[in-house]
Amino acid sequence: MQPIDLRSDTVTKPTPAMREAMASAEVGDDVFAGDPTINRLQETVAELLGKEAAIYVPSGSMANQTAIRAQTQPGDEIITHEDNHIFHYEAGAPAALSGCSLRLLSGHRGFFNADAVRAALRPKDSHFPQSSLIVIENTHNRGGGTCWSIDAIADIRKVADEHGLKMHLDGARLMNACAATGHKPTAYTKYFDTVSICFSKGLGAPVGSAVASTTETIGRVHRFRKMFGGGMRQGGIIAAGALYALENHVDRLSDDHANAKTLAVALAEMPGLSIDLDGIETNILYSDVDSKLGTAAEFASKLKDAGVWMIATGPQRIRAVTHLNVSSDDIDCAIDIVRKCTG
Ligand SMILES: *Cc1c(COP(=O)(O)O)cnc(C)c1O
């Protein structure tokens, strides 16, 4: 039997129809802005996110980091959440590539509020780093795929405007937030100067992300994409997968959310696993693992031997993520396997 791979929504493989779209994509040299497929993708993304312009980049990390580099100076401080991707999973890039330190806020499920931002702002004094950028992640990965409230974002925007800060949205899974809440992407993105979005997560394309912003800022991002080594040539062949995903895989995200909920409800009943079901909003679920099942790593290894892959994200915490390549039958099957492993 094929393993049921719930490690991440990055593990998806392109569908036959997506591969066909990729194989027949028109291409050109994108460093010279001459790739028609990338150009079409960028126009589509700019429109979807309600911005003047967008740029295709190889990864979500590069999307975040070029946006950070384009809006900060070395010595600046970025206000963000202590569980954010830019802090944990981008290899220290804000320090290495932009010379910025991070001011980390805490808060339930990846959220923070305007008061916390206000309290973290640095006085304009030569002793201090300059607070210049706020980064919000939506949905929030380590928070459990949680969706930010638009009111909270609007309040933070007010503080940013009062103090001249920019705002970046790490929207790797923005489309999951939209599927879960019913909001249009622009309901969120209008509060942000820059927005990143990933095509290779729930959307199921093999490669790539984009940054959207004003034409001027995207011009700066373009330069940093080149500097960071992300200027691609006939990239249309992969951008075609991203376009295909935007055209065909957005509406099905709610299936992933339903699957995650079904899995969470079943796992929550099993001895040794505990899940906060209220926190299951999209396609990510975290469960605490009681030590009677071993460590999370030991339990994940037992699950893997039985045919279900999850990831240990802490000593006693595992994560499962639903996606395009996991059907509701697979979820039923995974539930049976996890039940056997907890019994
Ligand atoms: C996956 C992810 C990214 C980008 O990661 P890459 O591996 O560089 O594509 C960025 N932000 C969040 C919240 C993510 O989950």
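## Helix packing and ligand surroundings in a predicted model

Helices α8 and α12 are roughly perpendicular to each other, a term that covers angles of 65 to 115 degrees. The axes of α8 (residues 174-181) and α12 (residues 253-268) cross at roughly 75 degrees and come within 9 Å. Here axes are lines fitted to C-alpha atoms, for helices over the stretch in contact, with angles from 0 to 180 degrees between N-to-C directions. Helices (H or I, at least four residues) and strands (E, at least two) are DSSP runs, numbered from the N terminus.

On the α8 side the contact (heavy atoms within 4.5 Å) is made by Met175, Asn176, Ala179 and Ala180, and on the α12 side by Leu253, Ser254 and His257. By class, this contact has four nonpolar, three polar and no charged residues. Ala, Val, Leu, Ile, Met, Phe, Trp, Tyr, Cys and Pro count as nonpolar, Asp, Glu, Lys and Arg as charged, and the others, Gly among them, as polar.

The model is predicted: local features need pLDDT of at least 70, side-chain atom pairs count only at pLDDT 80 or more, and totals for chains, interfaces and linings use all residues. Residues are numbered from 1 along each chain as its sequence is written, and side-chain values use heavy atoms, with hydrogens and water left out.

The ligand is surrounded by residues that include Ser59, Asn64, His85, Glu137 and Ala172, each having a heavy atom within 4 Å of the ligand. By class, this shell has one nonpolar, six polar and five charged residues. Helix α3 (residues 60-70) supplies the largest share, three residues.

| Side chain | Ligand atom | Distance |
|---|---|---|
| Aspartate 170 | nitrogen | 2.7 Å |
| Arginine 173 | oxygen | 2.9 Å |
| Lysine 201 | oxygen | 3.0 Å |

Taken alone the ligand exposes 380 Å², of which the protein buries 83%; accessible areas come from the Shrake-Rupley method with a 1.4 Å probe.

Two backbone features lie in loops. The peptide bond from asparagine 138 to threonine 139 is cis, with omega near 0 degrees, and threonine 139 is found in the loop between β5 (130-137) and α7 (150-163). Alanine 91, in the loop between α4 (85-88) and α5 (93-98), has phi near 60 degrees, a positive value in a residue other than glycine.

Note on methods
Polar contact = N/O pair within 3.5 Å; in protein donor to acceptor, adjacent residues only side chain to side chain. Parallel < 35°, antiparallel > 145°, perpendicular 65-115°, else oblique.
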